[in-house]
2 protein chains.
Amino acid sequence: MAYKLAVVYGGCGALGRVFVSKLKLSGAYEVISIDFTPSAEADNNVLVTELSDWSRQSSDVIGQLDKVVGKRRNIDLIACVAGGWAGGSAAELDVVKNSDLMWKQSVWSSLICAQISSKWSNPDGGLLQLTGAVPSLGGTPGMLGYGMAKAAVHQLTHSLAAPGSGIPEGSSVVAILPVTLDTPMNRKFMPDADFTSWTSLEFVVDTVMAWHDQSVDARPKNGALVQFVTKDDVTDLIIEK
Amino acid sequence: MAYKLAVVYGGCGALGRVFVSKLKLSGAYEVISIDFTPSAEADNNVLVTELSDWSRQSSDVIGQLDKVVGKRRNIDLIACVAGGWAGGSAAELDVVKNSDLMWKQSVWSSLICAQISSKWSNPDGGLLQLTGAVPSLGGTPGMLGYGMAKAAVHQLTHSLAAPGSGIPEGSSVVAILPVTLDTPMNRKFMPDADFTSWTSLEFVVDTVMAWHDQSVDARPKNGALVQFVTKDDVTDLIIEK
(Lines give C-alpha, C1' and ligand atoms only; values in the text may rest on other atoms or scores of the structure.)
Protein backbone atom coordinates (compact mmCIF):
# COMPACT_ATOMS: atom_id res chain seq x y z
CA MET A 1 0.00 0.00 0.00
CA ALA A 2 1.23 3.48 -0.88
CA TYR A 3 1.00 5.79 2.07
CA LYS A 4 0.31 9.43 1.52
CA LEU A 5 2.94 11.75 2.96
CA ALA A 6 2.01 14.48 5.43
CA VAL A 7 4.12 17.17 7.10
CA VAL A 8 2.87 18.83 10.29
CA TYR A 9 4.76 22.03 11.16
CA GLY A 10 4.16 22.37 14.89
CA GLY A 11 3.45 18.66 15.34
CA CYS A 12 3.89 18.86 19.12
CA GLY A 13 1.52 21.79 19.67
CA ALA A 14 -2.08 21.34 20.78
CA LEU A 15 -3.51 21.27 17.26
CA GLY A 16 -0.43 19.58 15.79
CA ARG A 17 -0.64 16.63 18.16
CA VAL A 18 -4.22 15.97 17.09
CA PHE A 19 -3.15 16.24 13.45
CA VAL A 20 -0.36 13.70 13.88
CA SER A 21 -2.62 11.31 15.81
CA LYS A 22 -5.54 11.44 13.40
CA LEU A 23 -3.34 11.17 10.33
CA LYS A 24 -1.68 8.08 11.79
CA LEU A 25 -5.00 6.61 13.01
CA SER A 26 -6.40 6.88 9.49
CA GLY A 27 -3.83 4.35 8.39
CA ALA A 28 -3.31 6.26 5.17
CA TYR A 29 -0.42 8.59 6.01
CA GLU A 30 3.26 8.58 6.69
CA VAL A 31 3.76 11.62 8.95
CA ILE A 32 6.72 13.92 9.44
CA SER A 33 6.52 16.28 12.42
CA ILE A 34 8.51 19.52 12.47
CA ASP A 35 8.86 21.03 15.95
CA PHE A 36 11.25 21.85 18.75
CA THR A 37 10.82 18.38 20.24
CA PRO A 38 10.21 15.02 18.55
CA SER A 39 6.71 13.61 18.22
CA ALA A 40 6.60 9.98 19.35
CA GLU A 41 3.64 9.28 17.09
CA ALA A 42 5.16 10.68 13.89
CA ASP A 43 7.13 8.43 11.56
CA ASN A 44 9.90 10.96 11.21
CA ASN A 45 10.88 14.17 12.96
CA VAL A 46 12.58 17.34 11.83
CA LEU A 47 13.80 19.35 14.81
CA VAL A 48 13.71 23.13 14.79
CA THR A 49 16.79 24.37 16.63
CA GLU A 50 17.38 27.76 15.01
CA LEU A 51 15.15 30.37 16.61
CA SER A 52 16.95 33.64 15.97
CA ASP A 53 17.48 33.74 12.20
CA TRP A 54 14.67 33.13 9.73
CA SER A 55 16.94 32.22 6.81
CA ARG A 56 18.87 29.73 8.93
CA GLN A 57 15.65 28.18 10.30
CA SER A 58 14.47 27.81 6.72
CA SER A 59 17.65 26.23 5.36
CA ASP A 60 18.04 24.01 8.41
CA VAL A 61 14.47 22.68 8.30
CA ILE A 62 14.48 22.19 4.54
CA GLY A 63 17.89 20.53 4.69
CA GLN A 64 16.69 18.03 7.30
CA LEU A 65 13.44 17.44 5.43
CA ASP A 66 15.36 16.81 2.23
CA LYS A 67 17.14 13.92 3.93
CA VAL A 68 13.77 12.32 4.74
CA VAL A 69 11.84 13.20 1.60
CA GLY A 70 14.54 13.82 -0.97
CA LYS A 71 13.52 13.36 -4.53
CA ARG A 72 11.68 10.15 -3.75
CA ARG A 73 8.13 11.45 -3.51
CA ASN A 74 5.75 14.34 -3.26
CA ILE A 75 4.21 15.64 -0.08
CA ASP A 76 0.42 15.28 -0.09
CA LEU A 77 -0.58 17.39 2.90
CA ILE A 78 1.32 20.16 4.67
CA ALA A 79 -0.41 21.36 7.84
CA CYS A 80 1.14 24.53 9.22
CA VAL A 81 -0.18 24.69 12.76
CA ALA A 82 2.69 26.33 14.63
CA GLY A 83 1.73 29.48 16.48
CA GLY A 84 0.83 31.01 19.77
CA TRP A 85 -0.72 34.05 21.33
CA ALA A 86 0.58 37.16 23.04
CA GLY A 87 -1.09 40.52 23.50
CA GLY A 88 -0.05 44.13 23.65
CA SER A 89 -1.44 47.53 22.71
CA ALA A 90 0.85 50.34 21.54
CA ALA A 91 1.00 51.60 25.10
CA GLU A 92 2.28 48.35 26.57
CA LEU A 93 5.97 47.79 27.14
CA ASP A 94 5.95 44.22 25.83
CA VAL A 95 4.31 45.03 22.51
CA VAL A 96 7.49 44.84 20.45
CA LYS A 97 8.83 41.70 22.11
CA ASN A 98 5.44 40.02 21.74
CA SER A 99 5.02 41.14 18.12
CA ASP A 100 8.44 39.72 17.35
CA LEU A 101 7.42 36.39 18.89
CA MET A 102 4.10 36.30 17.01
CA TRP A 103 5.91 36.97 13.74
CA LYS A 104 8.40 34.19 14.36
CA GLN A 105 5.79 31.66 15.42
CA SER A 106 3.18 32.29 12.75
CA VAL A 107 4.91 33.87 9.77
CA TRP A 108 8.32 32.20 9.79
CA SER A 109 6.59 28.82 9.91
CA SER A 110 4.06 29.75 7.22
CA LEU A 111 6.66 30.98 4.74
CA ILE A 112 8.87 27.94 5.35
CA CYS A 113 5.81 25.74 4.72
CA ALA A 114 5.28 27.67 1.48
CA GLN A 115 8.87 26.85 0.53
CA ILE A 116 8.29 23.19 1.41
CA SER A 117 5.14 23.24 -0.73
CA SER A 118 7.04 24.87 -3.57
CA LYS A 119 9.61 22.08 -3.52
CA TRP A 120 7.49 19.06 -2.76
CA SER A 121 3.68 19.59 -2.89
CA ASN A 122 2.04 16.87 -4.92
CA PRO A 123 0.94 18.45 -8.20
CA ASP A 124 -1.88 15.91 -8.19
CA GLY A 125 -3.96 17.30 -5.33
CA GLY A 126 -1.41 18.38 -2.73
CA LEU A 127 -2.78 20.66 -0.01
CA LEU A 128 -0.97 23.35 1.97
CA GLN A 129 -2.98 24.44 5.00
CA LEU A 130 -1.97 27.63 6.80
CA THR A 131 -3.43 29.03 10.03
CA GLY A 132 -4.89 32.53 10.29
CA ALA A 133 -7.37 33.97 12.79
CA VAL A 134 -10.85 35.48 12.52
CA PRO A 135 -10.12 38.49 14.79
CA SER A 136 -7.33 39.60 12.48
CA LEU A 137 -9.86 40.24 9.67
CA GLY A 138 -10.57 43.44 11.61
CA GLY A 139 -8.57 45.51 14.06
CA THR A 140 -7.04 43.89 17.16
CA PRO A 141 -6.15 46.86 19.38
CA GLY A 142 -5.13 44.82 22.41
CA MET A 143 -2.99 42.35 20.48
CA LEU A 144 -1.19 44.32 17.77
CA GLY A 145 1.50 41.73 17.04
CA TYR A 146 -0.86 38.78 16.84
CA GLY A 147 -3.15 40.71 14.52
CA MET A 148 -0.32 41.72 12.19
CA ALA A 149 1.15 38.22 12.03
CA LYS A 150 -2.17 36.60 11.17
CA ALA A 151 -3.02 39.36 8.65
CA ALA A 152 0.28 38.55 6.98
CA VAL A 153 -0.66 34.86 6.84
CA HIS A 154 -4.01 35.75 5.27
CA GLN A 155 -2.32 37.83 2.59
CA LEU A 156 0.30 35.09 2.04
CA THR A 157 -2.53 32.64 1.43
CA HIS A 158 -3.91 34.90 -1.31
CA SER A 159 -0.44 35.35 -2.78
CA LEU A 160 0.33 31.63 -2.89
CA ALA A 161 -2.86 30.91 -4.82
CA ALA A 162 -1.92 33.36 -7.56
CA PRO A 163 0.06 32.37 -10.66
CA GLY A 164 3.81 32.66 -10.25
CA SER A 165 3.85 32.08 -6.49
CA GLY A 166 6.02 28.99 -6.82
CA ILE A 167 3.35 26.59 -5.52
CA PRO A 168 2.89 23.67 -7.94
CA GLU A 169 -0.13 23.87 -10.19
CA GLY A 170 -2.55 21.10 -9.32
CA SER A 171 -2.03 21.59 -5.60
CA SER A 172 -3.91 24.12 -3.50
CA VAL A 173 -3.57 26.38 -0.47
CA VAL A 174 -6.22 27.06 2.16
CA ALA A 175 -6.05 28.95 5.47
CA ILE A 176 -8.09 27.95 8.49
CA LEU A 177 -9.21 30.91 10.62
CA PRO A 178 -10.33 29.92 14.11
CA VAL A 179 -11.73 32.32 16.69
CA THR A 180 -10.70 30.36 19.77
CA LEU A 181 -9.53 26.76 19.70
CA ASP A 182 -10.49 24.48 22.56
CA THR A 183 -6.98 23.72 23.77
CA PRO A 184 -5.83 22.71 27.26
CA MET A 185 -3.83 25.98 27.44
CA ASN A 186 -6.87 28.10 26.61
CA ARG A 187 -8.96 26.24 29.21
CA LYS A 188 -6.24 26.85 31.78
CA PHE A 189 -5.94 30.59 31.12
CA MET A 190 -9.63 31.29 30.45
CA PRO A 191 -11.36 28.93 32.90
CA ASP A 192 -14.55 31.00 32.99
CA ALA A 193 -15.01 31.36 29.24
CA ASP A 194 -17.93 29.91 27.32
CA PHE A 195 -16.37 26.71 25.96
CA THR A 196 -19.41 26.07 23.74
CA SER A 197 -18.12 28.87 21.48
CA TRP A 198 -14.68 27.30 21.15
CA THR A 199 -13.78 25.09 18.21
CA SER A 200 -12.72 21.51 18.84
CA LEU A 201 -9.29 20.50 17.58
CA GLU A 202 -10.73 17.24 16.27
CA PHE A 203 -13.24 19.11 14.13
CA VAL A 204 -10.51 21.26 12.60
CA VAL A 205 -8.33 18.27 11.78
CA ASP A 206 -11.25 16.26 10.39
CA THR A 207 -12.19 19.20 8.18
CA VAL A 208 -8.71 19.67 6.75
CA MET A 209 -8.28 15.93 6.19
CA ALA A 210 -11.65 15.82 4.41
CA TRP A 211 -10.56 18.70 2.14
CA HIS A 212 -7.43 16.79 1.29
CA ASP A 213 -9.48 13.72 0.37
CA GLN A 214 -11.45 15.85 -2.09
CA SER A 215 -10.29 16.95 -5.50
CA VAL A 216 -8.80 20.44 -5.74
CA ASP A 217 -12.00 21.60 -7.46
CA ALA A 218 -14.24 20.30 -4.68
CA ARG A 219 -12.24 21.96 -1.90
CA PRO A 220 -12.54 25.59 -0.80
CA LYS A 221 -11.04 27.48 -3.72
CA ASN A 222 -7.30 27.88 -3.95
CA GLY A 223 -6.26 30.71 -1.59
CA ALA A 224 -9.50 30.74 0.41
CA LEU A 225 -9.65 31.92 4.01
CA VAL A 226 -12.04 29.63 5.88
CA GLN A 227 -13.50 30.92 9.14
CA PHE A 228 -14.40 28.40 11.83
CA VAL A 229 -17.23 29.97 13.83
CA THR A 230 -18.53 27.92 16.75
CA LYS A 231 -21.76 28.52 18.66
CA ASP A 232 -23.49 26.12 21.07
CA ASP A 233 -20.83 23.52 20.24
CA VAL A 234 -21.67 23.62 16.54
CA THR A 235 -19.07 24.95 14.10
CA ASP A 236 -20.02 26.67 10.87
CA LEU A 237 -17.51 27.22 8.12
CA ILE A 238 -17.53 30.59 6.36
CA ILE A 239 -15.62 29.87 3.17
CA GLU A 240 -14.19 32.78 1.17
CA LYS A 241 -15.55 32.65 -2.37
CA MET B 1 5.00 81.68 17.15
CA ALA B 2 4.39 78.12 18.31
CA TYR B 3 5.71 75.62 15.84
CA LYS B 4 3.96 72.34 15.36
CA LEU B 5 6.16 69.30 15.96
CA ALA B 6 6.58 66.64 13.28
CA VAL B 7 8.47 63.35 13.31
CA VAL B 8 9.47 61.73 9.99
CA TYR B 9 10.54 58.09 10.38
CA GLY B 10 12.68 57.53 7.30
CA GLY B 11 13.45 61.23 6.88
CA CYS B 12 16.34 60.52 4.50
CA GLY B 13 14.41 58.24 2.13
CA ALA B 14 12.92 59.48 -1.12
CA LEU B 15 9.50 60.25 0.36
CA GLY B 16 10.94 61.27 3.73
CA ARG B 17 13.22 63.92 2.23
CA VAL B 18 10.23 65.56 0.55
CA PHE B 19 8.33 65.41 3.83
CA VAL B 20 11.12 67.10 5.75
CA SER B 21 11.58 69.78 3.06
CA LYS B 22 7.92 70.63 2.71
CA LEU B 23 7.28 70.66 6.44
CA LYS B 24 10.18 73.07 6.90
CA LEU B 25 9.20 75.19 3.88
CA SER B 26 5.73 75.64 5.32
CA GLY B 27 7.30 77.56 8.18
CA ALA B 28 4.91 75.91 10.59
CA TYR B 29 6.84 72.86 11.79
CA GLU B 30 9.77 71.87 13.89
CA VAL B 31 10.92 68.59 12.33
CA ILE B 32 12.68 65.58 13.82
CA SER B 33 14.03 63.04 11.34
CA ILE B 34 14.57 59.43 12.35
CA ASP B 35 16.87 57.52 9.98
CA PHE B 36 20.24 55.83 9.60
CA THR B 37 21.86 59.12 8.63
CA PRO B 38 21.11 62.69 9.75
CA SER B 39 18.90 64.95 7.66
CA ALA B 40 20.53 68.35 7.18
CA GLU B 41 17.15 70.02 6.78
CA ALA B 42 15.57 68.63 9.95
CA ASP B 43 15.81 70.54 13.22
CA ASN B 44 16.77 67.43 15.12
CA ASN B 45 17.85 63.93 14.23
CA VAL B 46 17.39 60.57 15.89
CA LEU B 47 19.78 58.01 14.43
CA VAL B 48 18.78 54.39 13.98
CA THR B 49 21.80 52.24 14.72
CA GLU B 50 20.20 49.01 15.92
CA LEU B 51 19.19 46.88 12.96
CA SER B 52 19.12 43.35 14.32
CA ASP B 53 16.80 43.53 17.32
CA TRP B 54 13.33 45.08 17.16
CA SER B 55 13.02 45.70 20.91
CA ARG B 56 16.40 47.38 21.03
CA GLN B 57 15.62 49.52 17.97
CA SER B 58 12.42 50.57 19.69
CA SER B 59 13.97 51.42 23.05
CA ASP B 60 16.95 53.13 21.42
CA VAL B 61 14.82 55.32 19.13
CA ILE B 62 12.30 56.19 21.83
CA GLY B 63 15.09 56.92 24.30
CA GLN B 64 16.76 59.35 21.88
CA LEU B 65 13.43 60.92 20.99
CA ASP B 66 12.63 61.37 24.65
CA LYS B 67 15.73 63.54 25.01
CA VAL B 68 14.45 65.83 22.24
CA VAL B 69 10.74 65.81 23.00
CA GLY B 70 10.59 64.80 26.62
CA LYS B 71 7.50 65.87 28.46
CA ARG B 72 7.64 69.35 26.95
CA ARG B 73 5.11 68.98 24.17
CA ASN B 74 2.98 66.76 22.04
CA ILE B 75 3.87 65.55 18.57
CA ASP B 76 1.43 66.83 15.97
CA LEU B 77 2.35 64.77 12.92
CA ILE B 78 4.15 61.43 12.73
CA ALA B 79 4.93 60.38 9.15
CA CYS B 80 6.14 56.80 8.93
CA VAL B 81 7.70 56.61 5.48
CA ALA B 82 10.51 54.10 6.02
CA GLY B 83 10.38 51.13 3.70
CA GLY B 84 11.71 49.52 0.59
CA TRP B 85 11.02 46.83 -1.91
CA ALA B 86 12.30 43.33 -2.53
CA GLY B 87 10.67 40.47 -4.40
CA GLY B 88 10.55 36.71 -4.16
CA SER B 89 8.12 33.89 -4.82
CA ALA B 90 8.10 30.72 -2.68
CA ALA B 91 10.40 29.10 -5.24
CA GLU B 92 13.10 31.75 -5.02
CA LEU B 93 16.11 31.31 -2.77
CA ASP B 94 16.07 34.88 -1.48
CA VAL B 95 12.44 34.86 -0.38
CA VAL B 96 13.15 34.47 3.32
CA LYS B 97 16.00 36.99 3.42
CA ASN B 98 13.90 39.49 1.48
CA SER B 99 10.80 38.90 3.62
CA ASP B 100 12.89 39.50 6.70
CA LEU B 101 14.13 42.80 5.27
CA MET B 102 10.63 43.91 4.27
CA TRP B 103 9.38 43.16 7.76
CA LYS B 104 12.16 45.14 9.38
CA GLN B 105 11.81 48.12 7.06
CA SER B 106 8.03 48.45 7.04
CA VAL B 107 6.69 46.81 10.18
CA TRP B 108 9.39 47.57 12.74
CA SER B 109 9.17 51.24 11.80
CA SER B 110 5.36 51.25 11.82
CA LEU B 111 5.05 49.68 15.26
CA ILE B 112 7.70 51.98 16.71
CA CYS B 113 5.77 54.94 15.23
CA ALA B 114 2.65 53.55 16.94
CA GLN B 115 4.58 53.54 20.22
CA ILE B 116 5.73 57.12 19.58
CA SER B 117 2.12 58.08 18.87
CA SER B 118 0.97 56.33 22.03
CA LYS B 119 3.43 58.36 24.09
CA TRP B 120 3.30 61.72 22.40
CA SER B 121 0.55 62.17 19.76
CA ASN B 122 -1.28 65.42 20.33
CA PRO B 123 -4.73 64.53 21.70
CA ASP B 124 -5.98 67.66 19.99
CA GLY B 125 -5.68 66.56 16.37
CA GLY B 126 -2.44 64.61 16.20
CA LEU B 127 -1.99 62.48 13.08
CA LEU B 128 -0.07 59.23 12.67
CA GLN B 129 0.45 58.37 9.00
CA LEU B 130 1.59 54.86 8.10
CA THR B 131 2.53 53.54 4.66
CA GLY B 132 0.88 50.51 3.06
CA ALA B 133 0.61 49.49 -0.59
CA VAL B 134 -2.27 48.94 -3.00
CA PRO B 135 -0.95 45.61 -4.40
CA SER B 136 -1.00 44.09 -0.93
CA LEU B 137 -4.82 44.41 -0.80
CA GLY B 138 -4.72 41.30 -3.01
CA GLY B 139 -2.20 38.54 -3.55
CA THR B 140 1.40 39.38 -4.48
CA PRO B 141 2.82 36.05 -5.72
CA GLY B 142 6.14 37.46 -6.92
CA MET B 143 6.81 39.50 -3.79
CA LEU B 144 5.62 37.45 -0.84
CA GLY B 145 7.54 39.33 1.83
CA TYR B 146 6.59 42.80 0.63
CA GLY B 147 2.94 41.76 0.45
CA MET B 148 2.93 40.32 3.97
CA ALA B 149 4.67 43.33 5.49
CA LYS B 150 2.28 45.82 3.93
CA ALA B 151 -0.76 43.65 4.82
CA ALA B 152 0.47 43.77 8.40
CA VAL B 153 0.68 47.57 8.22
CA HIS B 154 -2.88 47.73 6.88
CA GLN B 155 -4.17 45.59 9.72
CA LEU B 156 -2.12 47.60 12.25
CA THR B 157 -3.83 50.74 10.95
CA HIS B 158 -7.23 49.21 11.66
CA SER B 159 -6.06 48.07 15.10
CA LEU B 160 -4.69 51.45 16.11
CA ALA B 161 -8.01 53.14 15.30
CA ALA B 162 -9.92 50.83 17.64
CA PRO B 163 -10.54 51.63 21.32
CA GLY B 164 -7.81 50.36 23.62
CA SER B 165 -5.00 50.50 21.07
CA GLY B 166 -3.01 52.97 23.16
CA ILE B 167 -3.27 55.81 20.62
CA PRO B 168 -4.55 58.98 22.33
CA GLU B 169 -8.20 59.80 21.77
CA GLY B 170 -8.50 62.97 19.75
CA SER B 171 -5.65 61.98 17.44
CA SER B 172 -6.06 59.79 14.37
CA VAL B 173 -4.27 57.22 12.23
CA VAL B 174 -4.36 56.95 8.43
CA ALA B 175 -2.39 54.76 6.03
CA ILE B 176 -1.38 55.91 2.58
CA LEU B 177 -1.38 53.11 -0.02
CA PRO B 178 0.58 53.99 -3.16
CA VAL B 179 0.87 51.77 -6.20
CA THR B 180 4.21 53.08 -7.45
CA LEU B 181 5.84 56.25 -6.18
CA ASP B 182 7.79 58.38 -8.62
CA THR B 183 11.18 58.10 -6.92
CA PRO B 184 14.64 58.40 -8.47
CA MET B 185 15.28 54.75 -7.56
CA ASN B 186 12.13 53.55 -9.32
CA ARG B 187 13.04 55.62 -12.42
CA LYS B 188 16.51 54.05 -12.37
CA PHE B 189 15.29 50.46 -12.10
CA MET B 190 12.19 50.77 -14.30
CA PRO B 191 13.35 53.23 -16.98
CA ASP B 192 10.77 52.04 -19.52
CA ALA B 193 7.74 52.20 -17.23
CA ASP B 194 4.81 54.54 -17.77
CA PHE B 195 5.70 57.37 -15.39
CA THR B 196 2.27 58.96 -15.89
CA SER B 197 0.84 56.19 -13.69
CA TRP B 198 3.30 56.88 -10.87
CA THR B 199 2.37 59.08 -7.94
CA SER B 200 4.44 62.19 -7.25
CA LEU B 201 6.08 62.43 -3.85
CA GLU B 202 5.04 66.06 -3.59
CA PHE B 203 1.38 65.13 -4.06
CA VAL B 204 1.58 62.53 -1.30
CA VAL B 205 3.20 64.93 1.14
CA ASP B 206 0.79 67.76 0.28
CA THR B 207 -2.14 65.40 0.85
CA VAL B 208 -0.94 64.21 4.26
CA MET B 209 -0.12 67.77 5.36
CA ALA B 210 -3.58 68.89 4.25
CA TRP B 211 -5.16 66.11 6.30
CA HIS B 212 -3.20 67.23 9.31
CA ASP B 213 -4.46 70.79 8.85
CA GLN B 214 -8.02 69.49 8.97
CA SER B 215 -9.92 68.49 12.07
CA VAL B 216 -9.98 64.80 12.89
CA ASP B 217 -13.60 64.65 11.75
CA ALA B 218 -12.82 66.19 8.36
CA ARG B 219 -9.95 63.79 7.61
CA PRO B 220 -10.29 60.27 6.24
CA LYS B 221 -11.81 58.40 9.16
CA ASN B 222 -9.58 57.10 11.89
CA GLY B 223 -7.94 53.86 10.65
CA ALA B 224 -8.69 54.42 6.97
CA LEU B 225 -6.57 52.95 4.21
CA VAL B 226 -6.27 55.57 1.46
CA GLN B 227 -5.26 54.35 -2.00
CA PHE B 228 -3.34 56.72 -4.25
CA VAL B 229 -4.21 55.71 -7.80
CA THR B 230 -2.50 57.71 -10.55
CA LYS B 231 -3.48 57.74 -14.22
CA ASP B 232 -2.33 60.23 -16.88
CA ASP B 233 -0.49 62.16 -14.17
CA VAL B 234 -3.69 62.64 -12.16
CA THR B 235 -4.01 60.97 -8.76
CA ASP B 236 -7.32 59.88 -7.34
CA LEU B 237 -7.73 59.00 -3.70
CA ILE B 238 -9.83 55.98 -2.84
CA ILE B 239 -10.62 56.50 0.83
CA GLU B 240 -11.79 53.56 2.92
CA LYS B 241 -15.15 54.39 4.49
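**Entry 1: strands 7 and 8 of chain A**

I looked up how strand 7 and strand 8 of chain A are joined, and I found six bridges between these strands, which run antiparallel. Strands pair here if DSSP finds at least two bridges between them. Helices (H or I, at least four residues) and strands (E, at least two) are DSSP runs, numbered from the N terminus. The model is a predicted one, in which local features need pLDDT of at least 70, side-chain atom pairs count only at pLDDT 80 or more, and totals for chains, interfaces and linings use all residues. Residues are numbered from 1 along each chain as its sequence is written, while chains are lettered from A and ligands numbered from 1 in the order in which they are written.

I noted that V229(A) has D236(A) of strand 8 as its bridge partner. The hairpin of strand 7 and strand 8 of chain A has two residues between the strands, and D232(A) takes a positive phi near 50 degrees there.

**Entry 2: the sheet of chain A**

I then followed the sheet of chain A, which is open, has eight strands in the order 3-2-1-4-5-6-7-8 and shows mixed pairing. Its edge strands are strand 3 (44-47) and strand 8 (234-239), each of which pairs on one side only. From one strand to the next, the twist averages 20 degrees. For such values, axes are lines fitted to C-alpha atoms, for helices over the stretch in contact, and angles run from 0 to 180 degrees between N-to-C directions.

I checked two parallel pairs. Strand 1 (residues 4-9) and strand 4 (residues 77-80) of chain A run parallel and are joined by four bridges; Y9(A) stands opposite C80(A) of strand 4. Strand 6 and strand 7 of chain A also run parallel, with five bridges, and F228(A) in strand 7 is the bridge partner of P178(A).

**Entry 3: helices on the sheet of chain B**

I turned to chain B, where an open sheet of eight strands has the order 3-2-1-4-5-6-7-8 with mixed pairing. Strand 5 (residues 127-131) and strand 6 (residues 172-178) of chain B pair in the parallel sense over five bridges. The bridge partner of T131(B) in strand 6 of chain B is I176(B).

Helix 2 (residues 54-69) of chain B lies across strand 2 (29-35) and strand 3, and it runs at about 160 degrees to strand 3 of chain B. Helix 6 (residues 201-213) of chain B lies across strand 4 (77-80), strand 5, strand 6, strand 7 (224-231) and strand 8, and it runs at about 165 degrees to strand 6 of chain B.

Two packed helices are described by the angle between their axes and the distance between the axes.

I listed some of the residues that make the contact, including M102(B) and W103(B) of helix 3 and A149(B) and V153(B) of helix 4 of chain B. Residues are in contact if their C-beta atoms, placed from the backbone, lie within 7 Å.

**Entry 4: chain A against chain B**

How many residues of chain A are in contact with chain B? I found 44 residues of chain A in contact with 44 residues of chain B. Helix 2 (54-69), helix 3 (95-120) and helix 4 (144-161) of chain A are the elements that give two or more residues to the side of chain A that touches chain B.

The axes of helix 3 of chain A and helix 3 of chain B come within 12 Å and cross at roughly 155 degrees, which makes these helices roughly antiparallel. I noted that V95(A), V96(A), S99(A), W103(A), L111(A) and Q115(A) meet V95(B), V96(B), S99(B), W103(B), L111(B) and Q115(B).

**Entry 5: the relation of the copies**

The same surface serves both copies, as 100% of the contact residues of chain A recur in chain B.

Technical notes: Two residues are in contact if their C-beta atoms, placed from the backbone, lie within 7 Å. Angles under 35 degrees count as roughly parallel, over 145 as roughly antiparallel, 65 to 115 as roughly perpendicular and the rest as oblique.
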